[in-house]
Amino acid sequence: MFSRSRRNLARWFTLSMGSILVIFTGILYFLEAKDQMSAFDQELYQTSRIMAAAVEDEIYQNRRHITLEDVPVLGGEALPVESKLVFARWYTPERQLLQFIGPIPPEQLENASGFETIQAREYPSLNLSADLQLRQLTLPVFQEGQLIGYLQVATSLEPIETTLWSLRLFSMIGVPTALGAISLAGWFLGGIAMQPIRESYERLKRFTADASHELRAPIAAILNNAQFGLLEPIDHHEQHIRLENVVEIAESMGTLVSQLLFLARGEGQIAPEALQLIDLVSLLQKLAEKYTHQAQTKNLTFTCELPEQPVLLKMNPDLIVQAVSNLLSNACRYTPSGGSVQLQAFPQSHWMIIQVKDSGIGIPETDLPHIFERFYRVDNVRSRETGGFGLGLAIAKQIAQAHGGQMTATSNPGQGSTFQIKLPLA
Ligand code: ATP
Ligand code: MG
């Protein structure tokens with residue numbers, strides 16, 4: 001699925017970037033060709049103007065009409081393009097041929113004035129390549145407002161053809177190479193773009209698998225108990241125990257399902273309008289009373305150090321109670337009899353810290369980075385005995401983050417652990 005999406009991403013990227021590249025190269029080529037042609041035409045026009053002016057001067061100075069003698073000397077060596085001219089022709093105002101250099105032209109001028117591109121193969125006597133194109137200019141020449149004849153010149157388009165051919169060659173090699181590079185970049189970028197999606201998909205898959213796995217065990221237990229209860233002959237006492245088991249397991253399943261729903265629902269922060277201004281100290285005091293009792297039953301020493309003054313914080317009290325309860329119940333659960341559990345709250349720069357410290361079994365260094373992951377248990381056997389799902393810390397962390405806070409843990413295996421929830425003060 002991900003490879004296909006990645007391929008599609010790369011394909012679309014290549015297609016879109018490739019089209020842009022091809023269109024851009026096409027436009028550049030067209031503009032360059034147009035530029036070259038207009039510069040070429042300009043030069044041809046200048047040449048023919050100089051040629052025409054020479055004739056005009058000759059006729060003007062001698063105060064006579066143009067004769068055949070005037071024409072062959074036109075321009076001479078001074079002309080820049082003249083040497084490259086394929087032909088030059090003079091026609092009378094009546095469009096009759098007067099004189100020419102180059103191949104034999106038609107007697108009558110038929111072209112309209114202006115530029116024209118013609119094929120070299122029309123003039124086999126020139127011995128030019130048949131594919132070559134010529135640029136021809138037919139220029140009416142006026143003297144003192146009076147038409148004195150037509151000058152027609154032509155020159156080979158070879159220099160432009162050569163330049164444009166190099167440009168085409170460059171594009172023919174450059175564009176496919178660039179397309180190859182683009183598709184490689186597309187594949188690479190597609191991989192980068194797919195990475196977070198792949199990761200969250202993997203997380204979701206693992207979460208779903210873990211959740212189903214966790215639910216399968218209690219369902220099997222309920223079924224087992226229920227089937228036993230249906231057995232004949234009925235032992236009322238045994239049946240009672242079985243039903244109690246079913247109730248207990250169903251309750252624990254209910255807790256699991258609501259925990260899963262909480263985790264699935266809440267990503268991101270709680271909306272500010274959903275937060276209330278609550279005194280954290282009194283909230284924690286109530287919680288401490290509950291856990292003092294629980295710690296006593298496990299023979300643990302429970303101490304509580306809270307600020308003397310009320311600390312008003314914007315929070316959802318139920319969620320904060322749940323997060324701290326998860327930490328306290330872990331501390332009681334993972335601290336052997338005779339140990340100690342401590343609940344503290346104190347300000348630190350612009351944070352309010354809620355700290356739960358115990359002298360319990362601790363968490364190995366390799367497990368510490370993972371304990372906030374859903375369904376992660378340091379030791380499955382040990383946790384199974386103590387009845388955990390591995391969701392308490394994930395939930396506590398999600399609650400802290402939803403309040404714009406953070407959650408951290410430090411631990412020394414065999415000596416104890418310290419968990420901190422940091423909530424923003426202002
Ligand atoms: P749940 O809280 O869902 O009932 P749980 O306690 O196993 O189950 P978490 O609270 O998420 O799950 O804790 C994850 C794991 O981290 C626990 O299984 C336990 O191994 C370890 N752990 C958590 N708190 C402590 C602690 N105070 N001391 C030692 N280990 C701890
Ligand atoms: Mg727990």
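Trainee: What gives the most to the shell around ligand 1?
Mentor: H5 does, with three residues (helices, H or I, are DSSP runs of at least four residues and strands, E, of at least two, numbered from the N terminus). This is a predicted model, where local features need pLDDT of at least 70, side-chain atom pairs count only at 80 or more, and totals for chains, interfaces and linings use all residues. Residues are numbered from 1 along each chain as written, chains are lettered from A and ligands numbered from 1 in written order, and side-chain values use heavy atoms, without hydrogens or water.

Trainee: How many residues surround ligand 1?
Mentor: There are 22, and Asn330, Asp358, Gly390, Leu391 and Leu393 are the closest (near means a heavy atom within 4 Å). At least two residues each come from H5, H6 (380–386), H7 and strand E12 (416–424).

Trainee: Which backbone atoms lie 2.8 Å and 2.7 Å from an oxygen of ligand 1?
Mentor: An N or O atom of Gly390 is at 2.8 Å, and one of Leu391 is at 2.7 Å. A polar backbone atom of Leu393 is 2.9 Å from a ligand 1 oxygen. Of the 590 Å² that ligand 1 exposes alone, the protein buries 96% (Shrake-Rupley areas, 1.4 Å probe).

Trainee: New topic: at what angle do H5 and H7 pack?
Mentor: H5 (317–333) and H7 (392–402) pack at about 145 degrees, axes 9 Å apart (axes are fitted to C-alpha atoms over the stretch in contact; angles run from 0 to 180 degrees between N-to-C directions).

Trainee: And which residues make the contact?
Mentor: Among them are Leu319, Ala323 and Asn330 of H5, and Leu393 and Ile399 of H7 (heavy atoms within 4.5 Å).

Key: Polar contact = N/O pair within 3.5 Å; in protein donor to acceptor, adjacent residues only side chain to side chain.
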